[in-house]
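Welcome, and thanks for taking a look at this one. Here is a short briefing to read alongside the sequence and the model.

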Amino acid sequence: MLIQESTHDVPTTADGQGSMRIYVFHPTIPGYPKARFPGVVVFSEIYQVTGPVARFARQIAGQGYICAAPSSYHEFTGPEPLKYDAEDTDNGNKWKITKKLAAYDEDARLCVDYLLSLDTCNGRVGATGMCLGGHLAYRCALDSRVKAAVCYFATDIHSKTLAHGKNDDSLQRAGDIEGELLMIFGKNDNHVPPEGRDLIRKTMHEQGVLFSFYEVAWAQHAFIRDELSKGRYDPAITKVCFEMLLELFGRTLKLDLGEHDGKKFVVEDVC
C-alpha cells in the first residue's frame with residue numbers, strides 16, 4: 001500500500017509550551033480518495049521520531065493504518081529526532097522524568113483526537129511504541145477510545161518512575177484499560193528486569209485486563225530498533241512480533257465485531 005507523509009502541529013496546554021508536532025504516515029489507494037482506515041498512535045523511544053521509529057510507522061501504515069507519531073519532548077526541544085549519542089541519551093533520559101504526567105496524557109489525547117478528526121479514519125484507534133513509547137502506548141490505552149495497544153519493552157511501568165513528581169499511576173490504573181493489550185519484552189531486558197515484568201503481568205491479571213504477554217528468549221532491550229541498537233537488533237524476532245501486532249490490530253481495529261453478547265467464555269476441559 002502506498003503512503004503519504006506529512007506533519008501536523010497541534011497546540012498544547014498542559015505544559016504551557018506551545019505546540020506539538022505529529023508526524024503522519026497515511027496509507028493511500030489510488031482511485032479511492034474516500035477510503036477509510038483505522039488509526040494508530042506510534043510513540044517513540046527517548047530519541048523522538050528517529051529513523052527506526054519512522055520506518056516502524058511506515059510498516060504499520062503500509063498495512064492500512066493511519067499512523068500519528070508525536071514529538072514527545074516538545075517542551076524542551078524542537079520536533080527533530082535526537083541523536084543516538086551520549087549527550088542526547090542523557091537529554092532524553094532527563095526529559096523523560098522532567099515532563100509532567102498530565103502533559104504526556106495530553107499528548108496522547110491530542111493524537112487520538114487528531115486521528116478521529118480525519119474523514120479517512122474509520123473511528124477506531126490503537127497505539128504502539130517502543131521503550132518509553134511502550135509505556136506511553138500503555139497509558140494511551142487508558143483512554144476508552146483506544147481499542148488495542150502493542151507495548152514493546154514498556155519501561156518504567158514497574159518502577160513508577162515516569163514523569164516529574166513521582167506520581168506515575170500507570171500500573172495502579174491497569175483496571176481502567178478497556179481495550180486489549182499485547183506486552184512484549186526480551187528475557188534479557190535489564191531495563192525491565194524479571195521481577196518488574198512479573199509485577200506488570202501479575203497486576204494486569206489481578207485488575208482484569210485483557211492482554212497477551214510475550215517474553216522472547218535471548219532478546220535484549222530495544223531489539224526491534226534497526227539502527228545503532230548496540231548489537232541488540234534481532235530482525236527475525238522483530239518480524240514475529242510485527243505479525244502479532246497485525247493480528248491484534250486487524251482483529252480489533254479493522255473488523256467490526258458488533259456488541260458483545262454478554263456471555264462468559266467457558267473453556268472446555270478436553271484434550
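**A helix pair and its surroundings**

Asp 198 and Arg 201 sit 3 residues apart, about one turn of the helix, and both belong to helix 5 (residues 194-206). Their side chains meet in a salt bridge, with N to O at 2.5 Å. Please keep in mind that this is a predicted model.

- Asp 198 counts as partly exposed because its relative accessibility is 40%.
- Arg 201 also counts as partly exposed, since its relative accessibility is 22% and the buried class ends under 20%.
- Arg 201 has a further partner in Glu 215, with the closest N and O atoms of that salt bridge 3.2 Å apart.
- Glu 215 is in strand 8 (residues 210-216) while Arg 201 is in helix 5, so this pair ties together parts that lie 14 residues apart in sequence.
- Through shared partners, salt bridges join Lys 187, Arg 197, Asp 198, Arg 201 and Glu 215 into one network.

- Are the two partners buried or exposed? Both Arg 139 and Asp 169 are buried.

**Overall fold**

- The chain holds 6 helices and 8 strands.
- Along the sequence, these elements follow the pattern β-β-β-α-β-α-α-β-α-β-β-α-β-α.
- The radius of gyration is 18 Å, close to the 18 Å that the globule rule gives for 271 residues, so the chain is as compact as a globular protein of that length.
- Taken along the principal axes, the C-alpha atoms fill a box of roughly 60 × 50 × 35 Å.
- Of the 271 residues in the chain, 54% are buried.
- An unreviewed UniProt entry annotates residues 34-251 as "domain: Dienelactone hydrolase".
- Over that stretch, residues 34-251, the chain is 37% helix and 20% strand, and the end C-alpha atoms lie 22 Å apart.

**The largest pocket**

- The volume of the largest pocket is about 480 Å³.
- Its lining has 14 residues, and the closest to the centre are Lys 147, Glu 178, Gly 179, Thr 252 and Leu 257.
- Which elements give two or more residues to this lining? They are strand 6 (146-152) and helix 6 (235-254).
- By class, the lining of the largest pocket is made of 3 nonpolar, 5 polar and 6 charged residues.

**The second largest pocket**

- The second largest pocket has a volume of about 260 Å³.
- It is lined by 16 residues, with Ile 46, Tyr 47, Asn 93, His 191 and His 221 nearest its centre.
- Helix 2 (residues 86-98) gives the largest share of this lining, with 3 residues.
- Sorted by class, the lining of the second largest pocket has 5 nonpolar, 5 polar and 6 charged residues.

- Lys 160 is a residue other than glycine with a positive phi, near 55°.
- Lys 160 is found in the loop between strand 6 and strand 7.
- With a relative accessible area of 40%, Lys 160 is partly exposed.
- Ala 163 is not a glycine either, yet its phi is positive at about 80°.
- The loop between strand 6 and strand 7 is also the place of Ala 163.
- Why does Ala 163 count as buried? Its relative accessible area is 5%, and buried means under 20%.

Note on methods: Residues are numbered from 1 along each chain as its sequence is written. This is a predicted model: local features need pLDDT of at least 70, side-chain atom pairs count only at pLDDT 80 or more; totals for chains, interfaces and linings use all residues. Side-chain values use heavy atoms; hydrogens and water are left out. UniProt positions are given in the numbering used here, feature names are shortened, and annotations may be inferred rather than shown by experiment. Helices (H or I, at least four residues) and strands (E, at least two) are DSSP runs, numbered from the N terminus. On a 1 Å grid over the protein atoms alone, a cavity is a set of points where a 1.4 Å probe fits but cannot get out, and a pocket is an open set with protein on both sides within 12 Å along at least five of seven lines; lining residues have an atom within 4 Å of a point. Grid points are joined across faces, edges and corners, and a volume is the space filled by probe spheres set on the points. Ala, Val, Leu, Ile, Met, Phe, Trp, Tyr, Cys and Pro count as nonpolar, Asp, Glu, Lys and Arg as charged, and the others, Gly among them, as polar. Buried means under 20% relative accessible area, exposed over 50%, partly exposed in between (1.4 Å probe, protein chains only). A salt bridge is a side-chain nitrogen of Lys or Arg within 4 Å of a carboxyl oxygen of Asp or Glu. The radius of gyration is taken over C-alpha atoms; the globule rule is 2.2 Å times the number of residues to the power 0.38.
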